[in-house]
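Visitor: Hi! I'm new to this one. Could you walk me through it?
Guide: Happy to, let's take a look together.
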Amino acid sequence: MELALVNRTIASLRKEPDFDSELVDEDLYGAIVEVLSEPIPEWFLIRTQYQYSGYVHCTELLSDANMVTFWIHAKKKVVVRSYVDVLSIPKIQGIRLLSVTRGAFVSILEEARADGWVKVGLCDGTVGYMREQSLHNWNIGWFLPEGTLRRNIVNSALSYLGTQYRWGGRSSLGIDCSGLCLSAYMLNGILIYRDAKIMEGFPIHEICIGNMKPCDLLFFPGHVAIYIGNGEYIHSTGRIGSDGVVINSLNSRDPNYREDLAVQLTAVGSIF
């Protein structure tokens, strides 16, 4: 199995090997992907860690086997701020080497300094610096108590509030409904299915609608949201007047009630 690294701030996964083809997904800096085909030409068919496939231009990937091996075993952290610069020196006056979005990965080369700067490594071996507060440990979700994990997933989703809607998007620069749900869970080390349905082989399973709790997924025809409690849910919508990540309600007495969705709730999914 050949692996590669996402070596751009955002890698665009296309339906066909063409820049004008539909955007079906995005993967973020530092992600490890599986290469499924030879270039066609200059395009690779890849599969993400959450088993989603699409065509990515070769300029957005790093396929050097030694670098991939190093990256797999490197100590890494996930970016949790919306958009962060990697600087050449541990000072705000440093030269910007790269900017990364929430959900990107960098390797940690040294413990954080007393002034809050961390020495980090990029996929291609470049060394830079970021603020410690921009980074978080990853892949710890399943080890947390249920209540803590539920709150963390909800808070991760809330961190995208106000982000614009982007079909196929999965970053803090633009995100769609299933991209928001995937990202909120992925930031907490849990990989769920990318689309607005429950898929066998992934940890989300259907539960009784009356048993929904914060962080459970709400499924509508062609749409998915995250329940946050008190009848409210957070989702990314392209609806005129919202156009992005907003909070709506299932309760008809609430001012943010959306009847068109409330009457079409088809299922609730949970990892618990």
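Visitor: How many helices and strands are there in the chain?
Guide: The chain has four helices and 22 strands, counted as DSSP runs numbered from the N terminus (helices: H or I, at least four residues; strands: E, at least two). This is a predicted model, where local features need pLDDT of at least 70 and side-chain atom pairs count only at pLDDT 80 or more, while totals for chains, interfaces and linings use all residues. Residues are numbered from 1 along each chain as its sequence is written, and side-chain values use heavy atoms, leaving out hydrogens and water.

Visitor: And what share of the 272 residues is buried?
Guide: Buried residues are 52% of them; buried means under 20% relative accessible area with a 1.4 Å probe, protein chains only.

Visitor: Switching topic: where is Trp-71 found?
Guide: Trp-71 sits in helix α1, residues 65-73. Trp-71 is buried, with a relative accessible area of 0%.

Visitor: Which residues does Trp-71 touch?
Guide: Leaving aside residues up to four places away in sequence, the list includes Leu-5, Gly-30, Phe-105 and Cys-123. Touching here means a contact, with heavy atoms within 4.5 Å.

Visitor: How far apart are Trp-71 and Leu-5?
Guide: They are 66 residues apart in sequence and 8.4 Å apart in space, C-alpha to C-alpha.

Key. Buried means under 20% relative accessible area, exposed over 50%, partly exposed in between (1.4 Å probe, protein chains only).
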